[in-house]
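Reader: I'm new to looking at protein models. Could you walk me through a few spots in this one?

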Amino acid sequence: MLTAVRAAADRGLSPRRSRSSAATLTLVLSAVFLGCLPDLARSDWTLGTDAQLRHDNNVGNAGNYDDIVGDTIVDARLSMFQSIPIGENYSLSVGGDLSGESYNRLKGLNNASLGGALAVKRKWGLGVYVPWVRIGLSIARSEYNDNYRSATVYRTTLSAGQRLDERWNLWAEYAFDRRAASPGMEEVPGLSGDAFSQDSHNVAANLEYSLNENTSLALGLLGRHGDVVSTAGDSEKMYYAPRALAEDPAFGPEAYAYKLTGTTYGFRVGVNYAPTPHSLLGLGFERLNTHADGGNSYTKSVPEITWDYRF
């Protein structure tokens with residue numbers, strides 16, 4: 001149906017990809033960051049790096065079996081931040097990071113991001129067993145190989161928590177995310193082409209239990225409401241539900257991205273092991289279930305292996 005409507009409207013082709021943009025940005029920013037490491041190491045900044053290997057069994061958030069595409073993703077991050085006391089119980093954190101993702105199959109989704117963050121934290125007392133609250137703001141620019149997905153990402157967070165004793169640690173977070181992408185042309189007259197801009201409200205509750213000095217278990221409950229992007233073929237069912245639609249050639253020449261309003265529930269479990277005082281290895285599994293407008297629902301499972309190191 002969508003093909004027929006587009007033919008009747010005599011639309012042109014959507015803007016295509018730029019395969020060099022994300023790779024070029026990664027190389028340039030990595031060189032700048034690594035060149036600054038010697039000076040940063042001598043300052044009060046904390047430096048960190050982390051890497052992740054994960055498998056997403058439904059990258060495109062598709063509801064129909066024929067449209068589901070899985071892929072294995074490797075991502076890495078370089079970060080730096082500084083915590084500045086601004087009172088007896090307050091501290092200010094400032095920092096930034098450079099990150100990138102590499103997809104095994106869907107090369108158009110490879111991306112690089114540069115971001116900065118600011119947060120204020122309040123503790124009700126001294127020591128590690130007192131409650132705390134933190135408000136944070138961040139902004140990042142993500143450039144994709146298929147550059148129609150490139151976007152500026154804004155995030156506001158409110159989190160709170162408390163370490164109860166040597167074994168139990170609790171915290172929760174609310175976040176509002178705004179992903180601002182460049183609108184594409186209308187594929188269907190009267191239906192927006194801004195399929196990759198998204199707003200969402202996110203909540204998470206987390207529990208951590210320390211088995212011993214080096215090993216801990218983690219459980220997280222997740223909730224999200226807002227825009228979701230589901231990529232599928234030319235579907236009459238999908239045509240009547242979305243608020244925006246755009247071609248999505250990263251998934252193939254006949255793939256379309258549909259922006260819907262949806263609610264997601266899920267959980268994450270994991271085990272973490274610290275082989276040294278500065279490093280952490282993790283093994284995790286995440287399961288998400290989304291219900292979107294028009295009866296378009298989907299699930300996804302994401303097992304992952306992580307490694308973190310702090311200088």
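This is a predicted model: local features need pLDDT of at least 70, side-chain atom pairs count only at pLDDT 80 or more; totals for chains, interfaces and linings use all residues.

Reader: Is Asn-145 buried or exposed?
Author: Start with where Asn-145 sits: the loop between strand S5 (132–144) and strand S6 (151–163). The cut-off for buried is under 20% relative accessible area. Asn-145 has 8%, so the residue is buried.

Reader: Which residue has its backbone oxygen 3.3 Å from a polar atom of the Asn-145 side chain?
Author: Look along the chain, 38 residues apart from Asn-145, where a C-alpha atom is separated from that of Asn-145 by 7.3 Å. The backbone oxygen that lies 3.3 Å from the side chain's polar atom belongs to Lys-107.

Reader: What kind of pair do the rings of Tyr-148 and Phe-196 make?
Author: The structure holds 5 aromatic pairs, this one among them. Planes under 30 degrees apart count as stacked and over 60 as edge-to-face, with the rest called tilted. Here the centres are 5.4 Å apart and the planes are at 50°, so the pair is tilted.

Reader: And what about the rings of Tyr-309 and Phe-311?
Author: Tyr-309 is partly exposed at 27% relative accessible area, while Phe-311 counts as exposed at 58%. Their ring centres are 5.2 Å apart. Their planes are at 80°, so this pair is edge-to-face.

Reader: How many charged residues line the second largest pocket?
Author: That pocket has a volume of about 240 Å³. Its lining has 13 residues, and Ser-210 is one of those nearest the centre. By class, there are 2 nonpolar and 6 polar residues, and the number of charged ones is 5.

Conventions: Residues are numbered from 1 along each chain as its sequence is written. Side-chain values use heavy atoms; hydrogens and water are left out. Helices (H or I, at least four residues) and strands (E, at least two) are DSSP runs, numbered from the N terminus. Buried means under 20% relative accessible area, exposed over 50%, partly exposed in between (1.4 Å probe, protein chains only). A polar contact is a pair of N or O atoms within 3.5 Å; within protein, one must be able to donate a hydrogen and the other to accept it, and residues adjacent in sequence count only if both atoms are side-chain atoms. On a 1 Å grid over the protein atoms alone, a cavity is a set of points where a 1.4 Å probe fits but cannot get out, and a pocket is an open set with protein on both sides within 12 Å along at least five of seven lines; lining residues have an atom within 4 Å of a point. Grid points are joined across faces, edges and corners, and a volume is the space filled by probe spheres set on the points. Ala, Val, Leu, Ile, Met, Phe, Trp, Tyr, Cys and Pro count as nonpolar, Asp, Glu, Lys and Arg as charged, and the others, Gly among them, as polar. Rings of Phe, Tyr and Trp (its six-membered ring) pair if their centres lie within 6.5 Å; planes under 30 degrees apart count as stacked, over 60 as edge-to-face and the rest as tilted.
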